[in-house]
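Reader: Please take me through the packing in this model, one feature at a time.
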Amino acid sequence: LSRRIRDAVDKLRGRGRISEADLKATLREIRVSLLEADVNFEVAREFVAKIQEKALGQQVLESLTPAEQILSVVYEELTEVLGGEARQPVLKNEGNVWFLVGLQGSGKTTHAAKLAQFYKGKGRRPLLVAADTQRPAAREQLKILGEKVGVPVLEVADGERPETTAQRLRQHLTFDYRDLVLVDTAGRLQIDENLMNELARLKAAVGPTETLLVVDSMTGQEALNVSKTFDERIGVTGLILTKLDGDARGGAALSARHVTQKPIYFAGISEKLDGLEPFYPDRLAQRILGMGDLQTLLEKAKAAELEAPLKAPGEITLEDVISQMRQIRKMGSFGDILKMIPGMSRMLPAGFQVDDKALNRLEAIVLSMTPRERRDPRILNASRRKRIAAGSGTSVQEVNRLIKTFDDMKAMMKTMHKTKGRGLFRR
Ligand code: GDP
Ligand code: MG
């Protein structure tokens, strides 16, 4: 590369502000990524609107493309919305009573036991309370888990009054020197009035120091309503996000945060009793955006040194097209590359396949041309086209189509060059 061209390109970098066109295109991708991650539609809309405000008019940085820069704004904001830094629940020296609430199957019983093991390991003396007054099987499940982790389980009797439960619980705190009580409560498959009333009464009688809503990350969209109702009716002080080991992308977390504004303290990452981690907002932000995949794409592009041809649009030849195609192929299958772009899989029609074989045929056609023909396709008369078709094992129609497509592409690039300026052409 001549120094002058390189200098010209360097000048384009880091100049000007993020344009509205850059922003619109990138935000559309972001919104699709969020919806794919099961973020509630309204929540996604509000989030994207916030990003738009933040990113528009930002100075374009030296080392990043506008799209990369917008993505980094999104990542930071998403981390912030998910809580910023990892946080731990308040733990006093004594008298801690934590209430676990949530729908049936969300993971309350499992996580009561996980928390008991986790804090026992930190030198605490937990007590588990099986407070499902409706289902003996649920209390049996906690008793078995309690035995496994070596923590006593206080069993509430069928139809026991909340005041009685509260009294028994306090006796344990006082006479057995327990300093962290984990109350596993009843859940229903759907929110219902009886469940909420029962929980509210038990909570009022016991007076927990934390009320932790257990949210199944696989519930996706539904997490919004569940969190809203539990927070309004019971009052939630923190969240536990379970089943993050599944293939859920974690949109439920964003919904639960959005309506409760309470910290997510823990993430459940397996069925096993040691499958509990502090919750890291930045990690989930990456997962929601599919940044892991995106990073791979950026790295691959760098490795293959995929660069736009440094020519004015009018000067681009079929040889340039071939060299671009080869560079793309170096990165792997074209279809694989498309799939790595967040949101792309949803935008493509169902069953869409990029035909690598078709790319091979195009390449064969160009290779069958003389260098002069490649530089100036205008000289391609009927007999030349016939020769090329025969040489490449294709048909004259395919040759015609390639040349037509190339002409159209060149015309389009010229208009873009004129109307949108150099910034867009660089992309
Ligand atoms: P509860 O009805 O809210 O008490 O839910 P459970 O604690 O009984 O859990 C319901 C099911 O989800 C059980 O089969 C658990 O083993 C499973 N489970 C709970 N937490 C997790 C988790 O973090 N990861 C996985 N993979 N499974 C979990
Ligand atoms: Mg249970």
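Reader: What should I know about the model and its numbering?

Author: This is a predicted model, in which local features need pLDDT of at least 70, side-chain atom pairs count only at pLDDT 80 or more, and totals for chains, interfaces and linings use all residues. Residues are numbered from 1 along each chain as its sequence is written, while chains are lettered from A and ligands numbered from 1 in the order in which they are written.

Reader: In what order do the strands of the open sheet lie?

Author: Strands (E, at least two residues) and helices (H or I, at least four) are DSSP runs, numbered from the N terminus. Two strands pair if DSSP finds at least two bridges between them. Here eight strands form an open sheet with mixed pairing, in the order S3-S2-S4-S1-S5-S6-S7-S8. S3 (153-155) and S8 (276-278) are the edge strands, each with a single partner, so one side of each has no neighbour in the sheet. From one strand to the next, the twist averages 25°.

Reader: How many bridges join S1 to S5?

Author: Four bridges link S1 (residues 96-101) and S5 (residues 210-216), and the two strands run parallel. Leucine 100 is opposite leucine 212 of S5.

Reader: At what angle do H2 and H3 pack?

Author: Axes are lines fitted to C-alpha atoms, for helices over the stretch in contact, and angles run from 0 to 180 degrees between N-to-C directions. Angles under 35 degrees count as roughly parallel, over 145 as roughly antiparallel, 65 to 115 as roughly perpendicular and the rest as oblique. H2 (residues 20-36) and H3 (residues 41-55) pack at about 150° with axes 10 Å apart, and are therefore roughly antiparallel. By class, their contact has 11 nonpolar, one polar and one charged residues; Ala, Val, Leu, Ile, Met, Phe, Trp, Tyr, Cys and Pro count as nonpolar, Asp, Glu, Lys and Arg as charged, and the others, Gly among them, as polar.

Reader: Which residues of H5 meet H6?

Author: Residues are in contact if their C-beta atoms, placed from the backbone, lie within 7 Å. In H5, Thr109, Ala112, Ala113, Ala116, Gln117 and Lys120 meet Ala138, Gln141, Leu142, Leu145, Gly146 and Val149 of H6. This contact of H5 with H6 divides into seven nonpolar, four polar and one charged residues. The axes of H5 and H6 (residues 136-149) come within 9 Å and cross at roughly 20°, so the two helices are roughly parallel.

Reader: And how do H9 and H10 cross?

Author: The axes of H9 (residues 223-233) and H10 (residues 251-260) come within 8 Å, crossing at roughly 30°. Their contact has five nonpolar, three polar and two charged residues.

Reader: How many residues surround ligand 1?

Author: A residue is near a molecule if its C-beta atom, placed from the backbone, lies within 6 Å of it. Around ligand 1 there are 17 residues, the closest being Gly107, Lys108, Thr109, Thr110 and Gly268. The shell has one nonpolar, 12 polar and four charged residues. H5 (residues 108-120) gives the most to this shell, with three residues.

Note on methods:
Two residues are in contact if their C-beta atoms, placed from the backbone, lie within 7 Å.
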